[in-house]
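Subject: Structure handover

Hello,

Here is the structure I promised to pass on. Please open it beside this message and follow along.

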Amino acid sequence: MNIQIHPSWKKELHEEFEKEYFKSLTQFVREEYTSHTCFPKGSQIFNAFDHCPFEEVKVVILGQDPYHGVGQANGLCFSVNDHIAMPPSLINIFKEIETDVEIPFPQNGNLERWASQGILLLNATLTVRAHQAGSHQKKGWETFTDAVISTLSRKRENIIFLLWGGFAKKKGAKIDTTKHHILTSGHPSPLSANRGYWFGNKHFSQTNALLRSFGEEEIKW
C-alpha cells in the first residue's frame, strides 16, 4: 500500500507513517488486498483526506467501517459510489436533512459534494474484507484515525465534530472541547433511529448556525 495521500495530510501525519504499528498495518493491508477482495479500492483508501485538505476541514463526521458490499465503499464514511443503492443509515441521514434544512432527498448517495466543502468523512477503520464487517478492525487503523483526530484538535480551531452513536462518541475523548464543537446523537442506523435516537437531532442546521457564527460559509447539504 503506497501512502498516496493529499500533501497537506502527508505533512501533518508523516511521523505517523513511520511508526511500527503503521508499517505492520501497511503489510497487513497489502496482504489482504492481494489475497482477498477488499474495499474500498486501493486508490480510494485515503479518499476522505484527498477530498478535504487539512487546512480546509470545517466539519468532521465519524463512521466506523467502510461498507463491505460490492461497489459501495468509496473511502468516505456513509457515502456510496454513484448509481449504488443507498444503505439504510444514509437514507436516514437524508431524511433528517430533508426535515431539518428542507433540502430535497438527493438522487445519489455519493458524498464527495460534502467533502469538497470541508467535511472530513472519516471512518475509524479505512479498509474491510468483502462481506465481512469489522474484518480489518484492531489492526492499527483505529490508532491512525485517533492520531488524525488528535492532530486536528491540537493544530486547528472551531472544527465541528458530529459524533453519531456510541463508537463515535468514544472518539470524542481526543477532542479539545475548549477549541472545538461537538454535536452528539444516536446513530442513523434503523436500529437506533427507529428508537428515537436519531431523527430530530437537527445537526445539519446547528452545524450551519455554528459556521455562520465563525464567519464561515455554510454547508450545502
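This is a predicted model: local features need pLDDT of at least 70, side-chain atom pairs count only at pLDDT 80 or more; totals for chains, interfaces and linings use all residues.

Start with the open sheet. It has four strands in the order β3-β2-β5-β6, and the pairing is parallel. β3 (119-123) and β6 (181-185) stand at the edges. Each has a single partner strand, so one side of each is left without a neighbour in the sheet. On average, neighbouring strands are turned by 20° against each other, direction ignored.

A helix packs on this sheet. That is α9, residues 203-213, and it touches β2, β5 and β6. The direction of α9 makes about 165° with that of β5.

Strand β5 and its partners

Next, look at β5, residues 160-164. How many of its residues are buried? Five of its five are, so β5 counts as mostly covered. Both faces are covered. Ile160, Leu162 and Trp164 lie on one side, and Phe161 and Leu163 on the other.

β5 runs parallel to β2 (residues 59-63), and three bridges join the two strands. Valine 60 stands opposite phenylalanine 161 in β5. Isoleucine 61 stands opposite leucine 162 in β5.

Five bridges join β5 to β6, and these strands also run parallel. Leucine 163 has threonine 184 in β6 as its bridge partner. From β5 the chain crosses through helix α7 (residues 166-171) to β6. This β-α-β crossover is right-handed.

Helix α1

Now turn to α1, residues 7-17. Which of its residues are buried? They are Ser8, Trp9, Glu12, Leu13, Glu16 and Phe17. These residues cover an arc of only 150° around the axis, which puts them on the same side of α1. The spacing makes sense: an α-helix has 3.6 residues a turn, so residues three or four places apart point the same way. Pro7, Lys11 and Glu15 are on the other side of α1, and they are exposed.

What do the buried residues of α1 pack against? Their neighbours are α2, α3 (47-50), β3 and α6 (141-155).

Salt bridges

Last, the charged pairs. Side chains of opposite charge can pair when their charged atoms come close. The structure holds seven salt bridges. Three examples follow.

- Lysine 23 and glutamate 20: their side chains meet at 3.8 Å, N to O. Both residues lie in helix α2 (residues 20-35), three residues apart, about one turn of the helix. Lysine 23 has 41% relative accessibility, so it counts as partly exposed. Glutamate 20 has 57%, so it counts as exposed.
- Glutamate 218 and arginine 212: their side chains meet at 2.7 Å, N to O. Glutamate 218 is partly exposed, with a relative accessible area of 32%.
- Glutamate 217 and lysine 220: their side chains meet at 3.4 Å, N to O. Both glutamate 217 and lysine 220 are exposed.

Best wishes

Notes:
Residues are numbered from 1 along each chain as its sequence is written. Side-chain values use heavy atoms; hydrogens and water are left out. A salt bridge is a side-chain nitrogen of Lys or Arg within 4 Å of a carboxyl oxygen of Asp or Glu. Buried means under 20% relative accessible area, exposed over 50%, partly exposed in between (1.4 Å probe, protein chains only). Two strands pair if DSSP finds at least two bridges between them. Axes are lines fitted to C-alpha atoms, for helices over the stretch in contact, and angles run from 0 to 180 degrees between N-to-C directions. Contact means heavy atoms within 4.5 Å. The arc is that of the directions from the helix axis to the C-beta atoms. A crossover is right-handed if, with the strands pointing away from the viewer, the path from the first strand over the helix to the second runs clockwise.
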